[in-house]
Amino acid sequence: MDRGVAEVGLSDAGRVREWLAEAERNPAGLPDAGYIALLHADGSELERLCELADALRQRTVGDALTYVVNRNLDTAVVSGSAARERLAALVSEAHALGATEICMQGPLPADSDDDYLALIAAITETAPLHLHAFRPEELLDGAARRALPLDEFLSRAKDSGLGSVPGTGARILDDDVRARLKGSPDLPVSRWVEVIETAHRAGLTSTSTMVYGHVETPAQQVAHLRLLADIQDRTGGFTEFIAMPMVPVTAASGFVDPVVPEALRRQTRAVHAVARLLLHGRIDNIQAAWPRLGLTMAVELLRGGANDLGGLLLDGRLAPESGPEAGLSLTVTDVDRIAAELGRSLRRRTTRYGHA
């Protein structure tokens with residue numbers, strides 16, 4: 001039993017059951033206290049929570065297991081005039097392997113002779129791929145390098161071929177937590193929200209994320225989800241929600257079938273199920289982050305409210321080390337096997353969840 005369950009206590013299991021009954025009637029309409037209680041669910045109450053979330057998943061998006069064929073590139077590895085030929089080869093290889101998306105994160109090195117807009121154009125002019133790139137901090141860096149207001153920089157980035165941006169850097173959207181986690185250079189919450197909403201207004205969709213399992217409380221997790229829901233109400237720009245543990249389980253034990261500590265397993269299942277409930281009607285797609293949790297845990301989440309497996313993260317042969325998650329790659333055979341195990345159909349999607 002983890003610390004969060006101990007805080008609630010066994011005598012509160014009945015209260016969790018009451019909130020489960022209410023969530024069945026009105027999944028997105030509970031008060032904060034209800035979702036906080038559900039985040040503590042364990043045992044039979046956790047099983048019921050996950051069953052409720054999965055039934056809601058089925059009603060919302062159906063039974064198709066979705067995935068995208070993509071390749072990760074590290075900005076620092078592929079940027080610079082000297083790397084243009086290599087970059088073009090990597091993008092062309094990804095396209096030849098069936099990718100529909102290039103995902104790129106990381107800032108340009110301070111001494112780089114490159115430019116974010118030129119880098120975007122170099123990728124999108126090489127092959128007809130969707131470019132999903134640049135976290136809020138990097139978007140601000142790009143605007144500063146061009147001495148442009150953020151909205152104008154984003155408009156130019158979109159015109160150059162940028163299709164969407166990662167909603168990463170969110171971690172937990174609470175300034176006190178962010179200061180404790182990193183001793184600060186995370187963007188203040190208000191600035192992170194401003195950048196994401198500006199990107200949405202520019203016509204760029206984004207993912208939404210939460211990194212959990214450190215110093216934050218269940219109440220702060222719920223507040224984070226509430227803020228994402230509020231942003232979605234204002235902009236409609238989030239395509240999916242991705243929850244990731246602070247420390248990747250796969251880092252130490254391999255990604256196929258790592259041992260997930262029981263306390264983290266319980267928390268992970270509860271977080272994904274509660275996200276499905278609270279975000280219902282706003283963010284339809286819940287992704288299982290297999291690169292962080294391994295495939296076995298991802299399959300468990302796909303039985304508890306998640307509907308998407310994310311990207312295959314193709315390595316290719318020219319330079320597998322060019323992506324930040326090199327070595328973590330799935331095949332279509334892998335996802336086909338998972339869909340069969342779940343008894344679901346399989347649908348290859350685009351970045352924005354259209355049919356590929």
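A residue counts as buried when its relative accessible area is under 20%. By that cut-off, the buried residues of helix 3 (residues 32–39) are Gly-34, Tyr-35, Ala-37, Leu-38 and Leu-39. The elements that cover these buried residues include helix 2 (13–25) and helix 4 (43–61), together with helix 12 (218–235) and helix 14 (262–278).

## Model and confidence

The structure is a predicted model. The protein chain has a mean pLDDT of 92, and 91% of its residues reach 70 or more. Residues 1–11 have a pLDDT below 50, and this stretch has 13 contacts in the model beyond near neighbours in sequence. Where pLDDT is low, the predicted coordinates should not be read in detail.

## Strand 1

In a regular strand the side chains alternate between the two faces of the sheet. Strand 1 (residues 65–68) is covered on both faces: Leu-65 and Tyr-67 are buried on one side, and Thr-66 and Val-68 are buried on the other. Strand 1 runs parallel to strand 10, to which three bridges join it. Within that pairing, Thr-66 stands opposite Arg-347 of strand 10. Strand 9 (residues 308–311) is also parallel to strand 1, and two bridges join them. Here the bridge partner of Val-68 is Gly-311 in strand 9.

Tyr-67 lies in strand 1 and has a relative accessible area of 6%, so the residue is buried. Apart from neighbours within four places in sequence, Tyr-67 is in contact with Asp-308, Gly-310, Leu-312, Val-332, Val-335, Leu-346, Arg-347, Arg-348 and Arg-349. Tyr-67 and Val-165 are 98 residues apart along the chain, and their C-alpha atoms are separated by 18 Å.

## Strands 2, 3 and 4

Strand 3 (residues 101–105) is largely enclosed by the rest of the structure, because four of its five residues are buried. Strand 2 (residues 70–74) runs parallel to strand 3, with five bridges joining the two. Strand 3 also pairs in the parallel sense with strand 4 (residues 130–133), over four bridges.

## Packing of helices 8 and 11

Two packed helices are described by the angle between their axes and the distance between the axes. For helix 8 (residues 136–146) and helix 11 (residues 189–201), the angle is about 75° and the axes are 9 Å apart. Helix 8 is therefore roughly perpendicular to helix 11. On the helix 8 side the contact is made by Pro-136, Leu-139 and Leu-140, and on the helix 11 side by Arg-191, Trp-192, Val-195 and Ile-196.

## Two residues of helix 12

Leu-228 lies in helix 12 and is buried, at 0% relative accessibility. Leaving aside neighbours within four places in sequence, the contacts of Leu-228 are Leu-173, Trp-192, Ser-208, Thr-209, Phe-238 and Phe-241. Trp-192 also takes part in the contact between helix 8 and helix 11.

Beyond its neighbours within four places in sequence, Gln-232 is in contact with Gly-237, Phe-238, Arg-282 and Ile-283.

## Residues with positive phi

Phe-134 is not a glycine, yet has a positive phi of about 80°. Phe-134 is placed in the loop between strand 4 and helix 8 and is buried, with a relative accessible area of 2%.

Tyr-353, likewise not a glycine, has a positive phi of about 70°. Tyr-353 belongs to the segment after strand 10 (346–348). Its relative accessible area is 11%, so Tyr-353 is buried.

Methods
Residues are numbered from 1 along each chain as its sequence is written. Side-chain values use heavy atoms; hydrogens and water are left out. Buried means under 20% relative accessible area, exposed over 50%, partly exposed in between (1.4 Å probe, protein chains only). Two strands pair if DSSP finds at least two bridges between them. pLDDT is the predictor's confidence in each residue, from 0 to 100. Contact means heavy atoms within 4.5 Å. Axes are lines fitted to C-alpha atoms, for helices over the stretch in contact, and angles run from 0 to 180 degrees between N-to-C directions. Angles under 35 degrees count as roughly parallel, over 145 as roughly antiparallel, 65 to 115 as roughly perpendicular and the rest as oblique.
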